[in-house]
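Let's look together at how charged side chains pair up in a protein. Have the sequence and the 3D view open as you read.

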Amino acid sequence: MNKPSSPAAPRVIESDICIVGNGAIAKTTALGLAQAGLSVALLCPPPAAPAAASADAGWDARVYALNHTAHNLLSSLKVWDALDAARVAPVDAMVIQGDGARAGGLSFDAYGAHAGTLAWILEDRNLGQALDAALKFARDVTLVHGRATALLRDDDGATVRLADGGCIRAQLVVGADGAESWVRGQCDIGLDYRGYGQSAIVTNFDCEKPHHGAAHQWFTGAEGIVALLPLPGNRVSLVWSAPDLLADRLREESAAQIAQRLAVYAADKLGALTPLQPELVRDFPLRLVRPHAMTSQRVALVGDAAHVVHPMAGHGMNLGFADVAQLMKTLGEREPQRGVGDARVLARYERARKEDVLLMQLTTDGLARLFDADIEPLRVVRNFGLNLLDKLPVLKRRLISHAMGK
């Protein structure tokens with residue numbers, strides 16, 4: 001059973017690793033490193049008041065498309081089997097459509113990829129509940145509810161000072177605290193930042209026709225990128241990467257009005273769309289955040305603290321889980337004389353993740369630029385490229401294998 005820290009202050013907590021963050025990546029990192037035999041302090045904000053119980057919690061607007069790397073990691077930590085399986089949808093096919101009168105097209109399916117499924121769609125709430133349940137029984141994990149105020153580092157270790165006067169002393173601090181990472185800011189790690197001039201509009205619908213486990217994506221040009229991801233039953237989750245002017249209009253509309261807009265794309269494949277929860281429409285700005293390093297003295301970054309990419313490929317969370325898996329591997333393979341915060345060990349972690357992260361950053365950023373341009377010559381080129389790629393099975397298999405995390 002984990003050990004909740006005492007509310008009395010000041011207090012000093014000693015552990016091998018201090019993880020700062022409260023999301024799925026932070027919790028997975030804590031579980032993984034604790035199961036590897038390291039003591040972990042997980043620093044997160046005080047818990048919010050529990051929501052009122054409901055017979056039907058509805059469908060979370062925030063969903064993830066997890067690949068095989070994420071699936072394998074969560075399975076190894078005994079988290080996957082703790083998910084509510086009735087709320088997890090396998091993705092058996094991916095259908096991509098270009099724009100314009102001569103729209104190109106590209107499709108993938110699990111059979112062609114020699115896999116049982118391409119990915120899995122699950123809700124943030126479902127994943128969070130499974131991780132919280134696992135943490136309650138995790139050995140060597142101390143949950144620390146508080147706010148960090150300072151990070152001190154030297155050759156002997158790192159100290160995270162807390163607002164209540166206490167502190168956490170560790171050999172390594174892992175920043176898993178999101179795109180606006182406090183840990184990264186304490187390390188003075190520079191970054192490249194660019195807004196895409198788009199926001200992601202997310203909500204869920206019932207669909208008239210069965211989706212057959214297919215994820216659909218439309219590159220529309222002027223209206224951005226529309227993705228409808230399969231949920232269990234005849235339900236789909238919308239992720240619409242809309243230009244800011246259009247996003248402003250969509251924010252003012254109901255889910256029913258958004259469904260009417262989507263009919264031009266989805267009606268022939270999914271039929272009429274009916275909002276699951278008309279009031280549940282969320283949005284968030286899209287941006288590229290590229291820190292100049294994933295490590296610093298006694299610090300390693302994972303997840304959005306280490307990289308933020310365009311969601312068109314749905315791989316932001318998968319990159320984070322791959323970070324966690326690699327950090328676990330690197331720390332587990334270190335020489336006996338080297339501690340978990342050793343500079344050479346952290347350098348190995350950064351080198352191991354550099355190629356995968358850079359490739360995803362370049363791919364998503366390049367595609368976002370290409371499909372954002374509403375210029376006819378570019379429209380012809382990108383549609384030709386989609387059609388050509390669809391006719392090259394060897395290249396298609398290589399691309400989908402990489403996307404699946406294999």
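Q: Which residue forms a salt bridge with Asp-164?
A: This is a predicted model, where local features need pLDDT of at least 70, side-chain atom pairs count only at pLDDT 80 or more, and totals for chains, interfaces and linings use all residues. Residues are numbered from 1 along each chain as its sequence is written, and side-chain values use heavy atoms, with hydrogens and water left out. A salt bridge needs a side-chain nitrogen of Lys or Arg within 4 Å of a carboxyl oxygen of Asp or Glu. Here the closest N and O atoms are 2.2 Å apart, and the partner of Asp-164 is Arg-11.

Q: Is Arg-11 buried or exposed?
A: Buried means under 20% relative accessible area, exposed means over 50%, and partly exposed is in between (1.4 Å probe, protein chains only). Arg-11 has a relative accessible area of 10%, so the word for Arg-11 is buried.

Q: Which strand holds Asp-283, the salt-bridge partner of Arg-251?
A: Their side chains meet at 2.9 Å, N to O. Helices (H or I, at least four residues) and strands (E, at least two) are DSSP runs, numbered from the N terminus. Arg-251 lies in helix H5, and Asp-283 is in strand S19.

Q: Which residues join Glu-335 in one network?
A: Glu-335 and Arg-348 meet in a salt bridge. Because Glu-335 lies in a loop and Arg-348 in helix H8, the pair ties together parts 13 residues apart in sequence. Through salt bridges that share partners, Glu-335 is joined with Arg-338, Asp-342 and Arg-348.
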